[in-house]
Amino acid sequence: MIGAITLLLGCHLLGELFIAATGLPLPGPVVGMVILFTGLMTRGGVPDSVAQVSDTLLRNLSLLFVPAGVGVMLHLSLIEKEWLGVTAALIGSSAITVIFTALLMVGLKKLSHLGAND
Amino acid sequence: MDGGFSDIWVYLSASPLLHLFLTLLAYLGGQKLYERLGMHPMVNPVLIAVIALVLILTVTRTPYLVYFEGAQFVHFLLGPATVALALPLYRQVARVRKSLLPILVSVIFGSIVATGSALAIAWLFDVSEATLISIAPKSVTTPVAMGISEKLGGLPSLTAVFVILTGIMGAMIGPLVLNILRIKDWSARGFAIGVAAHGIGTARAMQVSEVAGAFSGLAMGLNALATAILLPLLWNLIF
């Protein structure tokens with residue numbers, strides 16, 4: 001288990017180092033994800049301990065957003081002033097984006113004869 | 001008695017333990033309520049936990065920074081958890097390979113629609129310029145969105161709030177609109193939620209289907225990349 005945690009932290013660290021070296025506008029963890037993915041592809045399998053630790057983290061992914069979400073209390077007065085525009089933009093744009101992206105992807109998959117229920 | 005209690009409170013609130021405990025407790029409460037109400041997407045555990053914690057901190061007059069000293073241990077795990085998204089992606093690699101072109105085209109146009117529609121609606125409601133810039137990258141995962149916002153002259157911490165709220169909204173509304181549209185393809189469902197609602201959407205997709213979770217995680221990563229490149233370019237063209 002310690003090995004799996006070390007691996008995840010190591011990939012994260014490598015990702016951060018890559019961003020620091022290249023100055024690309026990407027988050028370190030996303031680069032770390034690519035590094036781990038490349039490693040798994042090269043190895044051709046997932047070690048049990050890595051699967052155990054990762055799946056536990058991912059099952060509880062929602063919890064990890066709570067501390068940042070509570071940060072809303074820092075901006076309550078600003079949001080109060082423009083709540084209507086902000087709420088309309090967040091709800092409207094989320095719905096439009098989900099609808100547009102899903103229909104586009106289903107359409108493109110049909111176009112390339114992949115079948116929508118894959 | 002009263003003095004004794006406030007002494008204990010002062011002692012406890014000075015240690016990270018209390019706010020770490022409250023964070024987990026609030027989330028467990030949200031999760032229990034979510035399960036009890038039949039895992040309905042409109043009952044979001046993150047939203048319930050955030051509301052409960054904001055109320056507790058407001059009533060006890062606890063500043064956010066004091067709270068975060070405890071909560072940072074949970075917040076820190078976002079990094080390794082994002083790295084761990086490589087696993088569902090690896091397990092679904094055959095599916096991803098088969099739809100590579102639809103994936104790339106969908107993420108580029110999805111990214112433009114996510115930022116464009118947010119800007120257009122906010123602009124119609126005549127919000128301030130700082131809010132307008134800060135809301136543009138709202139569909140992108142927090143660290144990248146904050147970087148983009150700063151580059152364009154927005155408020156990074158306000159952007160972080162918009163990002164979290166978007167994630168919650170996306171996870172709540174996304175499944176409902178997809179059901180109305182009768183889209184049953186798990187990969188397209190997950191991908192759309194990932195483009196619109198980053199990690200919070202992915203967390204929700206992961207609970208429903210591993211295929212949806214993998215495509216959502218992939219969409220989140222690709223959307224971060226696409227928006228970081230496209231938004232500053234388009235911004236300079238329009239303004």
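Q: How many salt bridges does the rule find across the interface of chain B and chain A?
A: This is a predicted model, where local features need pLDDT of at least 70, side-chain atom pairs count only at pLDDT 80 or more, and totals for chains, interfaces and linings use all residues. Side-chain values use heavy atoms without hydrogens or water, residues are numbered from 1 along each chain as its sequence is written, and chains are lettered from A and ligands numbered from 1 in the order in which they are written. A salt bridge here is a side-chain nitrogen of Lys or Arg within 4 Å of a carboxyl oxygen of Asp or Glu. Across the interface of chain B and chain A, the count by that rule is two.

Q: Which residue does R91(B) form a salt bridge with?
A: Look for the closest N and O atoms of the pair, which sit 3.2 Å apart. The partner of R91(B) is D55(A).

Q: What is the area buried between chain B and chain A?
A: Buried area is the accessible area (1.4 Å probe) that two parts lose on being put together, summed over both. Here, 93 residues of chain B are in contact (heavy atoms within 4.5 Å) with 71 residues of chain A. Carbon and sulfur atoms give 82% of the buried area, which is about 7500 Å².

Q: Is T82(B) buried or exposed?
A: T82(B) lies in helix α5 (residues 78–84) of chain B; helices are DSSP runs (H or I, at least four residues), numbered from the N terminus. Leaving aside neighbours within four places in sequence, T82(B) is in contact with P29(A), V30(A), M33(A) and M220(B). Buried means under 20% relative accessible area, exposed over 50%, and partly exposed in between (1.4 Å probe, protein chains only). T82(B) has 14% relative accessibility, so it counts as buried.

Technical notes: Helices (H or I, at least four residues) and strands (E, at least two) are DSSP runs, numbered from the N terminus.
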